[in-house]
Amino acid sequence: MTNKIKIDPERTLGQIDRNIFGGFAEHLGRCIYGGLYEPDSPHADQNGLRTDVIQALKRLQMPVIRYPGGNFVSGYRWQDGVGPREERPARIDLAWHTIDTNHFGTNEFIQFCRALGTEPYIVVNCGDGDMREARDWVEYCNGTQSTALANLRRQHGFEEPHQVKYWGIGNEVDGPWQIGYKRPEEYARAFTEFAKVMKWVDPEIKILASASSSWKDTVERAQLLLEQAGELIDYMAIHWYVNNRDNDFAKFMTLSEFIEDRLSAYEGLIRALRYEGKLQRPIPIAVDEWNVWYRAYNDQQLEEHYNLEDALVIGMHFNAFIRHAHSVKMANIAQIVNVIAPIFTRPDGLFLQTIFYPFELYSQTCGDTALDVLWDSDTFSGGDYQAMRLLDVSATLDSRTNQLTVYVVNRSQDQALETDISLTEGQFGKGVQAMTVNGPDIKAHNSFETPDNVGTRTESFQAKGSSFTYTFEPHSVTALVFSAS
Ligand code: AHR
């Protein structure tokens with residue numbers, strides 16, 4: 001088998017929305033308290049925000065961050081988290097069975113977003129909360145007139161509206177673990193009424209509907225929601241987490257099929273409803289929680305320690321999001337600090353987990369247009385799948401600079417794969433930059449003691465003519481960046 005990747009810059013798949021590089025921060029474990037916000041840390045700024053965390057997050061160039069949950073939001077009262085800190089009530093959090101001081105709330109989150117340079121995406125409580133609380137939250141954040149809630153925000157020190165554009169209604173309402181679980185019809189009805197009044201308060205906002213957390217009857221549930229509430233839905237939000245519970249590397253590497261199946265199923269559903277005239281416009285997909293998660297649950301406050309094989313799975317996710325760029329318009333890795341996250345802190349410092357590096361690689365090099373790249377390679381079998389290509393590939397074009405980037409995950413544990421990279425038209429102009437995320441073995445991980453076991457290496461070389469050969473290292477994620485003339 002000749003391993004090959006052929007690039008035709010004219011075969012495009014769609015515009016890439018940078019919001020696929022989104023994040024998620026929940027009041028859970030040490031994500032907010034001890035992660036983003038830690039007034040006693042030597043790294044805290046005047047608002048108690050961790051400057052070292054913000055610096056690390058800046059490298060990920062996240063355009064949007066979802067907040068405040070997650071399961072947490074289904075029992076959250078936003079009013080508890082605004083105003084003078086000493087007057088804020090501590091509340092029991094029934095989602096994670098802990099107590100929240102409410103020292104961090106809406107305005108602190110906005111301050112964090114502004115310091116990072118990211119858009120806030122707020123989820124309203126559709127668990128035990130009502131539509132009044134939801135519309136009031138929109139008014140508090142975005143109100144421009146002299147109304148009680150806009151004035152309350154001003155009184156709290158925020159004269160200008162926060163202009164929060166993205167709003168979600170409810171979290172994983174299809175799961176029995178959720179405070180205020182809802183049957184499909186109940187959620188479709190609640191969503192409609194919440195969305196209606198929220199948009200009446202601010203017609204500029206974009207609303208995400210909680211379609212499925214992959215619990216059960218996921219497609220049927222989403223169908224009912226789209227049929228009954230489609231007109232008000234700006235994004236259909238779905239969640240998933242993947243794992244390597246069987247400790248079976250080959251099976252873990254076949255997860256690209258799981259991701260393809262999920263995205264294709266929802267794309268197919270939307271097309272079918274459009275075809276039947278039940279949807280007036282295509283609704284984009286937001287995968288607003290995704291990640292590897294299986295080792296650390298409540299007892300460990302979800303503090304997963306990631307290894308290299310997990311980083312490969314992050315690469316496969318971005319390849320899929322790029323290949324489905326025409327439909328996936330937002331994705332939020334869950335989460336951003338400490339809790340199933342790329343960044344891990346203690347009061348005096350942090351280290352970057354393995355999954356940080358592929359995220360950074362894609363986010364920093366991704367173009368604005370997805371390309372329909374042709375590739376083939378040696379194969380492997382794992383789980384229920386046979387003859388899967390060892391290379392998992394996507395490619396993008398930056399239409400402003402003509403820069404091309406090819407992303408390749410080599411899923412072989414021990415084979416370096418020599419590969420022909422060719423252009424169907426044109427010539428490789430200048431040099432090629434190869435950035436590779438790798439480490440000594442698939443179980444390699446980073447820690448405070450060994451922060452650089454897994455990281456990114458960069459090399460440059462010349463490529464002339466219409467093809468060159470590149471050898472992808474075993475268990476690696478590589479971005480080849482070049483321009484064509
Ligand atoms: O991200 C951790 C949890 O996973 C979220 O709170 C919930 O939405 C999901 O089940």
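This is a predicted model: local features need pLDDT of at least 70, side-chain atom pairs count only at pLDDT 80 or more; totals for chains, interfaces and linings use all residues.
View 1. For E289, a polar side-chain atom is placed 2.7 Å from an oxygen atom of the ligand. Y241 has a polar side-chain atom 2.8 Å from an oxygen atom of the ligand, and for N171 the corresponding distance from a polar side-chain atom to an oxygen atom of the ligand is 2.9 Å. On its own, the ligand has 280 Å² of accessible area, of which the protein covers 96%.

**View 2. The largest pocket as the site of the ligand.** The ligand takes up the space of the largest pocket. This pocket holds about 580 Å³ of space. Its lining comprises 28 residues, and those nearest the centre of the pocket are N71, E172, W177, Y241 and W293.

**View 3. Composition of the pocket lining.** Of the residues that line the largest pocket, 14 are nonpolar, 9 polar and 5 charged. Among the elements, β10 (235-242) and α8 (255-275) are those that give two or more residues to the lining of the largest pocket. The largest share comes from β10, with 3 residues.

Definitions and conventions:
Residues are numbered from 1 along each chain as its sequence is written. Side-chain values use heavy atoms; hydrogens and water are left out. A polar contact is a pair of N or O atoms within 3.5 Å; within protein, one must be able to donate a hydrogen and the other to accept it, and residues adjacent in sequence count only if both atoms are side-chain atoms. Accessible areas come from the Shrake-Rupley method with a 1.4 Å probe; for residues, only the protein chains shown count as cover. On a 1 Å grid over the protein atoms alone, a cavity is a set of points where a 1.4 Å probe fits but cannot get out, and a pocket is an open set with protein on both sides within 12 Å along at least five of seven lines; lining residues have an atom within 4 Å of a point. A molecule sits in a cavity or pocket if more than half of its atoms lie within 2 Å of its grid points. Grid points are joined across faces, edges and corners, and a volume is the space filled by probe spheres set on the points. Helices (H or I, at least four residues) and strands (E, at least two) are DSSP runs, numbered from the N terminus. Ala, Val, Leu, Ile, Met, Phe, Trp, Tyr, Cys and Pro count as nonpolar, Asp, Glu, Lys and Arg as charged, and the others, Gly among them, as polar.
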